[in-house]
Amino acid sequence: MHRCGINTEMKGDPWRQAQQALGGCLLCAGLGSEGRWGGCTTRPEAGDRISHLGFGDPMEQVVVEGNCLWKRNPMGRTGLRGRGDLSYFGPNHTLQPVITRWRRSLDGAICRKNVKKMLEVLVVKRGRSEHWMLPGGSREPGEMLPRKLKQVLRREFWSSFERLLTQGMEVYKGYMDDPRNTDNAWIETVAVSIHFPDQSDVELKRLNSHLHSYDEGMAIRWQVVDERISLCDNHKVILQKVAALLGAYY
């Protein structure tokens, strides 16, 4: 899949420039039959996923080209038209739980750096990825837990984790600057902080006892939080928000 080169003034263009300004080189990626998997449609998709960005009218997210209606990225042009590698046109919703605890020394004391308390965050690595990631992922309408999160939790703990999510603190809800975003499909996420301040917390112990890898290519661990953490960039931004919320070192 090729993303057309666009100059810095063009990228992020809020759709005010004419279509031909992109030189006609846009690739319609991920096109299939008409409908949610299709390239364009003569009507808005049934059961539209509502954007977190506050669109009151779904048609505000649509650009008309000929007799087609295309969802349009609210942040502007990206250089790639179509669905690309994403599952849906329009917003693709993800949930990212940020599960943290205090880093402790062998005697149980909370570790500090530059006076601030240090965190550990639960992260996963999948397949051949070079980066660790938060354990969330795409969430279908009506689902509480993403499929990728279920892959690291034993089934008997799913309902307990749903309760932890409802008790957590929402730290971000909105658009994510992701390399998979296109002109017509983009990622929006909800990030929820779940922090365990007490090392003897019963739910923390239950969480640790119910972690598992669904295949040999997956790794799960508690990772020290600092500026050198090997985490994908989007997740670093979320983690920084959580560290600031907790007054922790980053």
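View 1. Leaving aside residues up to four places away in sequence, T189 touches H52, T94, L95, Q96, Y172, K173, G174, M176 and I238, where contact means heavy atoms within 4.5 Å. This is a predicted model, in which local features need pLDDT of at least 70 and side-chain atom pairs count only at pLDDT 80 or more, while totals for chains, interfaces and linings use all residues. Residues are numbered from 1 along each chain as its sequence is written, and side-chain values use heavy atoms, with hydrogens and water left out. T189 belongs to strand 11; strands (E, at least two residues) and helices (H or I, at least four) are DSSP runs numbered from the N terminus. Is T189 buried or exposed? T189 counts as buried because its relative accessibility is 1%; buried means under 20% relative accessible area, exposed over 50% and partly exposed in between, with a 1.4 Å probe and protein chains only. Look also for the polar contact between the side chains of T189 and T94, at 2.6 Å. Such a contact is a pair of N or O atoms within 3.5 Å; within protein, one must be able to donate a hydrogen and the other to accept it, and residues adjacent in sequence count only if both atoms are side-chain atoms.

**View 2. Helix 4 and what covers it.** Helix 4 runs through residues 233–246. Its buried residues are N234, H235, I238, L239, V242 and A243. Among the elements covering them are strand 5 (90–102), strand 8 (119–126), strand 10 (169–176) and strand 11 (185–196). Just past the helix, G247 has a positive phi of about 65°.

**View 3. The largest nonpolar core.** Here you can find 22 residues, and those with the most contacts inside the core are I99, L153, F161, L165, I194, F196 and L207. A nonpolar core is a set of buried Ala, Val, Leu, Ile, Met, Phe, Trp, Tyr and Cys residues joined through side-chain atoms within 4.5 Å. Strand 5, strand 8, helix 2 (158–167), strand 11, helix 3 (202–209) and strand 12 (218–224) each give two or more residues to this core. Another core, of 21 residues, lies apart from it and includes M176, A191, I229 and I238.

**View 4. Charges over tryptophan rings.** R101 lies over the face of W222, 4.2 Å from the ring centre. K117 has its charged end over the ring of W102, at 5.1 Å from the centre. The rule asks for NZ of Lys or CZ of Arg within 6 Å of the ring centre and within 35 degrees of the ring normal.

Note on methods
The expected span of a helix is 1.5 Å times one less than its number of residues.
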